[in-house]
Amino acid sequence: MTSEVFAPAKINLTLHVTGQRADGYHLLDSLVVFADVGDRLWFEAGPELSMDVSGPFAQGVPVDQRNLVWQAAELADWTGRITLEKNLPHGAGIGGGSTDAAATLNALGGVAQAATLGADVPVCLRRAATRMRGIGDHLEVADGVPQCWAVLIWPGVGVATPHIFKHLEKKDNLAMPEGLPKFQSHTQMITWLRGMRNDLQATCAALVPEVSEALAALAACDGLGLARMSGSGSTCFGLFETQGQADAAARKIAASHPEWWVKPCVLGDVS
């Protein structure tokens with residue numbers, strides 16, 4: 001029997017860098033949500049572990065123990081054939097490898113050891129709005145975040161997270177307020193988010209000019225509430241109040257930048 005699971009894109013609505021530990025790990029305070037776009041995986045039990053990758057971003061994806069999906073299957077002590085449909089770009093700041101690993105653990109077991117696969121894997125297991133602090137090891141439900149329409153843009157350039165942190169000058173920024181609001185409307189959420197930050201955005205934009213181009217393209221769209229980079233980049237997101245606004249923005253941007261990955265989506269609970 002073959003089982004199918006969905007691995008949603010992870011979006012950091014905020015990402016505050018609040019410190020760095022002696023072992024080099026950076027401390028974060030981030031509001032994370034998930035999109036209804038992502039990768040898909042199929043699992044068919046068998047005597048040996050094997051893996052195939054298809055999809056628009058299949059090129060360059062390893063099909064052995066270098067892949068987090070393979071490692072997750074080993075953690076779950078599972079063997080069989082895994083097929084990964086890679087719809088999310090690499091090095092895009094939307095947790096592609098981590099969400100694939102989390103989906104694998106959700107399907108096969110081994111959830112208790114999720115953190116051994118990477119700092120983003122535990123939050124990706126939740127697939128719902130979450131406040132993530134520390135090195136990704138302190139997770140709290142953020143149940144006051146409403147669903148909203150968004151446009152995701154990956155401008156065709158991948159970013160290595162360690163490279164961005166290496167060039168980050170200030171690493172002891174303010175955290176988010178201790179208590180997160182329960183937003184009563186889209187407008188209230190946008191107003192609050194505008195007062196928050198992605199502390200990696202300026203550094204990434206300086207190193208990758210395409211980030212600024214993507215943010216500018218979103219800023220030129222009607223109905224935009226907020227445009228920001230997700231994670232360590234280079235994906236940027238724009239938040240909109242209606243599906244019509246998001247769809248129109250995606251069509252406009254895709255027409256002027258056919259080389260970009262542009263996706264309208266819903267951000268919220270995809271659990």
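Let me start with a definition: buried means under 20% relative accessible area, exposed means over 50%, and partly exposed is in between, using a 1.4 Å probe and protein chains only. Hello everyone, and please keep that one in mind. What we have is a predicted model, where local features need pLDDT of at least 70 and side-chain atom pairs count only at pLDDT 80 or more, while totals for chains, interfaces and linings use all residues. Residues are numbered from 1 along each chain as its sequence is written, and side-chain values use heavy atoms, with hydrogens and water left out.

First, the overall picture. The protein has eight helices and 11 strands; these are DSSP runs numbered from the N terminus, with helices being H or I of at least four residues and strands being E of at least two. For 271 residues, a compact globule would have a radius of gyration near 18 Å, and the 18 Å of this protein agrees with that. That radius is taken over C-alpha atoms, and the globule rule is 2.2 Å times the number of residues to the power 0.38. Along the principal axes, the C-alpha atoms fill a box of roughly 55 × 45 × 35 Å. Of the 271 residues, 52% count as buried. Taking a contact as heavy atoms within 4.5 Å, and looking at pairs at least 6 apart in sequence, 73% of contacts join residues at least 24 apart.

Now to the salt bridges, meaning a side-chain nitrogen of Lys or Arg within 4 Å of a carboxyl oxygen of Asp or Glu. How many does the structure hold? There are 13 salt bridges. One of them joins Asp-120 and Lys-10, at 3.7 Å from N to O. This pair brings together distant parts of the chain, with Asp-120 in the loop between helix 2 (96-108) and helix 3 (121-126) and Lys-10 in strand 1 (residues 2-12), 110 residues apart. Lys-10 is buried at 3% relative accessibility, and Asp-120 is partly exposed at 24%.

Another one joins Lys-182 and Asp-143, at 2.4 Å from N to O. Here, too, distant parts of the chain are linked: Lys-182 sits in the loop between helix 4 (161-166) and helix 5 (186-194), and Asp-143 in the loop between strand 7 (138-141) and strand 8 (148-154), 39 residues apart. Asp-143 is exposed, at 58%. Then we have Lys-170 with Asp-172, whose closest N and O atoms are 2.9 Å apart. Lys-170 is partly exposed at 45%, and Asp-172 is exposed at 53%. There is also a salt-bridge network that links Asp-39, Lys-86 and Asp-100.

Next, a look at Arg-81, which is found in strand 5 (residues 80-85). Arg-81 counts as partly exposed, at 44% relative accessibility. Leaving out residues up to four places away in sequence, Arg-81 touches Trp-42, Phe-43, Glu-44, Glu-48, Ser-50 and Asp-52.

Last, some backbone details. Most residues other than glycine have a negative phi, and most peptide bonds are trans. Where does the model have a cis peptide bond? The bond from Gly-233 to Ser-234 is cis, with omega near 10 degrees, and Ser-234 lies in the loop between strand 9 (224-229) and strand 10 (236-240). As for positive phi in a residue other than glycine, Asp-77 has a value near 55 degrees and Arg-127 a value near 60 degrees.
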